[in-house]
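Q: Can you walk me through this model? I'd like to go chain by chain and then look at how things pack.

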Amino acid sequence: MKASEPEELRAGAGYGRRADLKYALHLLRRNPIVLAGVTISVASVLLALLSPLIVNPTSWNQQPLNLRLCWNNPLINWQIANVFNCGGSVAVYPLGTDSYGRSLLQMIILAIPVDLEVAFEVVASAVVLGVFFGGLAGYKGGIVDEVILRVTDVFLAIPGILLAIVLIVVLGRSLPTLTIAVLITWWPYYVRLMRSQVLSEKEKPYVERLRAMGAGGIRILYGHIVQNSIYPVLVQATLDIGSVILTVSALTFIGLTPSPLLPELGNLANQGIQYIFTAPWLILFPGLTILIISLGFNLLGDGIRDVFDPRLRR
Amino acid sequence: MRLYEYVARRLFLMIFVLLALSVLIFYLTRGLLPPTTALAAYITPRMDDSAKLSVARALGVATTSCPSYSAFVSLQGGCVVPLWVQYGGWLENALAGNWGLTLLPGISGTDTTWHVFFSRFPYTAELAIAGAFLTIIIGIPLGIVSATHNNKLPDHISRMVSLGGYSIPQFWFGAVLQILFVLYIRVNGSGLLSANSTVATRCVICFSGVVPAEVARYSGIPLLDGILSLNFPYFWDSAVALILPALTLAITSIGAISRIVRSSMMEVLRQDYITLARSKGLKENVVIYRHALRNAILPAVTVSGLLVAYLLGGAVIVEIVFSWPGVGNASLAAADVLDINFLELYVLVTAVIIVVTNLAVDVIYAKLDPRIRY
């Protein structure tokens, strides 16, 4: 048996949770790209948790005006005329300063937990709503199914970002409404996904056995069927963390932000678009951070899908 | 079920989806916002209260028994017309194409919401169509090459592009392109594009140096008008101005399409009829493009409905980054001044486009794949 052949290793390792874990670890070692995804996403979560310790949260207040949009990191020469060099400031700003004179590096570190928190809240709530309504639609069928599906149709008939714009305009600009607006555009996908999973799962013999034993519908659905069909939903959830960060930062980038001072990646980039040709760092680095984080979660999601989707194991 | 029965059933359902959406949008913009929001485009601070009240009555927001404007503003009982009555009047007007006034300026001056919207809409349509075009001519070949060169260099490159497309913030990609072409890719000491945008009144951005003659607005789409009025400098300028925004808009969907084409192509290439075609001695190109592609392209057709939604949504961001004069850009201005007439029209027009495209896609899919039965 060659250890490098996943199929054979899979066969040799047998089945069950431990074997799955073993196979997952094997995939990680074999596939450096997935490993990179795990590293990036774990690192960004750690950075988010530690960020109040690394950077004093009060540093997002406005700084002296003579530090606005300056760059004094000697490692990069932007080759732009009239780059302001921070007026002889002793401190070096590794990624320059923003239009409020704050260190961009500090702002990015403070922004990561804000974006990640919104993303996790949106995805977790969408999974819960999706499992509840999707499970109900798939299991009950008939009129319940039809009503739930038509409601999702309504939400899927407009691009999420448009609905989010209207919702934020109506509900007001704050972080909770931003979260709710993105959630409202996101949950229908999970309802559809969960429904299709439950539709195929409920025809299996064990469901009939449970029914014969006299188990109630709710217990069969949420106790057994959901447990057995939730993996694809969780994989999608991992992939979606990156997409939600993209959507949230896009919304704050176009100006639907709670406060212009809030350190949030899209918000920082929004300041940058005005100074794109005089202070390009202000849009480059926040955007790059978004790219890296969402790339990390996408790679992680791809890796998890490889582990859980047997069809892809070749 | 026959095809026309299926289409009729879908059209019937479509009406209900659009009606439900209009109720949702109406409730959001008129039910949750104070009723005075609806008056914003019609009243000025100089008007006295009785004039404001008569405007509110004319718009069907205030009742005739309402004693004063201040009573209306403070939502006194019996002063605001019930929401469902308002909805009836609004729907009647909306279906007649009467969408009221807007606070936003249009491209060609007139001030009804309908005119402002449709004077800007061709720009968004141009951007979205160009984005779809780029998605198809880049995304599909990328997916094919990726599948036929599985696990070789072209596959790795294509998968990287696809993953990057999923992960890249569109606004950032657009900004990076601008920074590169304006600041760093140098021709004669300056960037390829000019940083001090000299916007002439008669063309979008005049790259060719020649200010072209007045262009007739046949369709409102600059590229098309340039051709129709045989004004090639204008056409050239519009085409150059379109490249970077369209690429920015397409980057995400290129990734999505190439990924789908890749997986379906790999599935198809494993099937027996492909082996048969190869064993007949057909050239590899014929096998791939004549035999395999036809079946492999089907899943890509099904997501093209989703693609339209993607492009119309992404257009908002791209229009901001590139200061594109389309409806997405205007919708942000509308959001700032709470111009609800414009937002309602925008959401509903977009929804109609998406719902109709989805139906068309399903019909086309059935035509392409005879195995599909309704």
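A: Starting with chain A: 46% of its 314 residues are buried, where buried takes 20 or more other C-beta atoms within 10 Å of a residue's own, with C-beta atoms placed from the backbone. This is a predicted model, where local features need pLDDT of at least 70 and side-chain atom pairs count only at pLDDT 80 or more, while totals for chains, interfaces and linings use all residues. Residues are numbered from 1 along each chain as its sequence is written, and chains are lettered from A and ligands numbered from 1 in the order in which they are written.

Q: OK, how many helices and strands does chain A have?
A: Chain A has 12 helices and 0 strands, counting DSSP runs of H or I with at least four residues as helices and runs of E with at least two as strands, numbered from the N terminus. Its C-alpha atoms fill a box of roughly 80 × 55 × 30 Å along the principal axes.

Q: And what share of the contacts in chain A join residues at least 24 apart?
A: That share is 69%, among contacts between residues at least 6 apart in sequence. A contact is two C-beta atoms, placed from the backbone, within 7 Å.

Q: Switching to chain B, how many helices and strands there?
A: Chain B has 14 helices and 2 strands. Of its 374 residues, 39% are buried.

Q: How do α6(A) and α14(B) cross?
A: The axes of α6 (residues 160–171) of chain A and α14(B) come within 10 Å and cross at roughly 155°. So α6(A) is roughly antiparallel to α14(B), the word used for angles over 145 degrees. Axes are lines fitted to C-alpha atoms, for helices over the stretch in contact, with angles from 0 to 180 degrees between N-to-C directions. The crossing is left-handed, that is, the near helix is turned anticlockwise from the far one by less than a right angle.

Q: Which residues meet there?
A: Leu162(A), Val166(A) and Val169(A) of α6(A) meet Leu343(B), Val347(B) and Thr350(B) of α14(B). They divide into 5 nonpolar, 1 polar and no charged.

Q: What else is Val166(A) in contact with?
A: Beyond neighbours within four places in sequence, Val166(A) is in contact with Ile25(B), Leu28(B), Thr29(B), Leu343(B) and Val347(B).

Q: Which residues touch the most other members of the largest nonpolar core?
A: Val166(A) and Trp172(B), out of 176 residues in that core. A nonpolar core is a set of buried Ala, Val, Leu, Ile, Met, Phe, Trp, Tyr and Cys residues joined through C-beta atoms within 7 Å.

Q: Back inside chain A, how do α4(A) and α10(A) cross?
A: The axes of α4 (residues 104–140) and α10 (residues 231–253) of chain A come within 8 Å and cross at roughly 135°.

Definitions and conventions:
A residue is buried if 20 or more other C-beta atoms lie within 10 Å of its own, exposed if 12 or fewer, and partly exposed in between; C-beta atoms are placed from the backbone. Angles under 35 degrees count as roughly parallel, over 145 as roughly antiparallel, 65 to 115 as roughly perpendicular and the rest as oblique. Ala, Val, Leu, Ile, Met, Phe, Trp, Tyr, Cys and Pro count as nonpolar, Asp, Glu, Lys and Arg as charged, and the others, Gly among them, as polar.
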